Amino acid sequence: MVVFPVSQVESPVRPETGEPGGRLGRLLDARLLLLLVVVALGSRNLLADAVDSPALQTWSTIFVSIFIQALPFLVLGVLVSGALAALVPPGWLARALPRRDVVAVPAAGLAGAVLPGCECASVPVAARLRERGVRPAAALAFMLAAPAINPVVLVATAVAFPGRPEMVAARFLASLLTSVVVGLVWSRFGRDEWIDRARSRLVEGDTRWQSFGQTACVDFLQAGGWLVVGAMAAATLQAFVPRSLLDAVASHHLLAALCLGLLAVALAICSEADAFVAASLRQFPLDTRLVFLVVGPTVDIKLIAMQVGVFGRRFAVRFASLTFVVAVVCALLVGRWLL
Amino acid sequence: MLLVVGATALWLGLSDASLAYVRAALRPPLAASGAVLLALAAATLRAGPQPGRATPSAHGHGGRLGAGWLLILPVLVLLLVAPPALGSYAASRQASRSGGPVGAFPPLADPVDGAVPMTVSEFVGRALYDQRRSLEGARVRVLGFATPGEDGGYRLARFNVFCCAADAEAYEIVIRGDPSRRQADQWLLVEGRWLPEPPVARVAPSSRRPVLVAEAVTPVRPPTDRYEHSIFGI
């Protein structure tokens, strides 16, 4: 019931977003939004009585909480990704990587650790890397590893699982393993013609400050928007789905692992925030939540959409299914060993 | 959009409103991220449109905002609904809780005004898992909200939050010996003694709830931070 008035408020402004929009349109956007907020502030708690059902209140509390908790991490992530876009020359990584796939794939996976950002940033970067002559398998390994094993995500994981450092280690290992295995399988069996249109348009400004600001803004809006979707889905699961249903699934180990893997695909939560959602899925065993954390950054609905856009549909279908299977298996193996 | 989200984050970071959703430690980062977003928004507005610049189609949506429009949803929910901290409804939906440490608990704190103040999660942890039974005979004071229990009685509950309300765990104590009926979500300060039971043998999720025999019950105003933030009841 919360959603309907919101979408009505939103719709008159939406058509403007299709076009690039002039400066006037941009200012108008900002003014409309400011007006909206002023009205909203004036009528604060206006809807509070309308939403007196405790289930809906719980839903909105959890929804808002996940979003607020993830926000600082998201901002930190897009700042660093903006800085990297502005400061690291695009050819640098390509030159630093070795030629042979067997060496290049693990190296590219590890190199992912130095690109803090969420998965939305890594798809265009991987496309750009491939364009500059990096072997496709290495670029793909980098794309899978970067959103999962970088310091920002690992710190977020440590915060979300206090007192469980082995969860951070397991996430690092399983994600790195996934990216290397997928990279090597792709280098052995993958065909270059599956990647049909490698059109990667990164946001680049004239000055470093402009590339920085624009990358950060675009990343924030994209990742933030999908974070909202993920938070809503997670809140719905928590507030409305009967507890016993989740508990029933959670008691079958393999089924639970598969379900959480699929949930990670469906929720499409930013890798900087998914640890908090995983921490909240308390009725599931720890290693199936690791599946959630390993699958999430490597394959989810928004990533598949982005990969279709950047690499083409034939690539995305094969790549996503391969990655899903490898990620689930790697997470379960590492989870059995470490957790 | 950056402006709106940034302003909201800054407001949350500087006010107590965020305590219903996240722990207090997150407020400085929240305020900082709000300031950063406002600065980014100001820079974008000042730079104006970039004619001929490729829109980021690699991000899945052709539009300038794309999925970014969804960011208005949490802001509107926050402002219009102002969802309250989790209460008795959410507590009633949690059947089991995660296990705690078994065995060595630190000694009880010193009594203040004739009773040992402790959190609900500490009481539950000691009652279920302390092999030395440190609670036995001690008069304790706990703060929580009432949630309806079996046969007309009530339980004293409080949520423990690691990061945000999404990971909140309800800890509950069954209250005996209070003749008055208490409304759900009424905040109460309860003094009393533990009804001893044998401790749980191993670390495992347990749905057992300890019993507190009340000697004095005082209705109080809700605290500023309605959650506890401890790890496994210590």
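1. pLDDT is the predictor's confidence in each residue, from 0 to 100. Helices (H or I, at least four residues) and strands (E, at least two) are DSSP runs, numbered from the N terminus. This is a predicted model: local features need pLDDT of at least 70, side-chain atom pairs count only at pLDDT 80 or more, and totals for chains, interfaces and linings use all residues. Residues are numbered from 1 along each chain as its sequence is written, while chains are lettered from A and ligands numbered from 1 in the order in which they are written.

2. Confidence in chain A. The mean pLDDT is 74, and 65% of the residues score at least 70. Among the elements of chain A, helix H9 (residues 165-189) has the highest mean, 91. Helix H1 (residues 3-10) of chain A has the lowest, 38.

3. Helix H14 (residues 286-298) of chain A. Its 13 residues reach 19 Å from first C-alpha to last, close to the 18 Å expected at 1.5 Å a residue (1.5 Å times one less than the number of residues). Twelve of the 13 are buried, so H14(A) is largely enclosed by the rest of the structure. Buried means that 20 or more other C-beta atoms, placed from the backbone, lie within 10 Å of the residue's own. Among the buried residues are Asp287(A), Arg289(A) and Phe292(A).

4. Strands in chain B. S5 (residues 187-194) of chain B pairs antiparallel with S2 (residues 139-148) of chain B over seven bridges; pairing takes at least two DSSP bridges. Gly144(B) stands opposite Leu188(B) in S5(B). S5(B) also pairs antiparallel with S6 (residues 211-219) of chain B, over seven bridges. Val190(B) has Val217(B) in S6(B) as its bridge partner.
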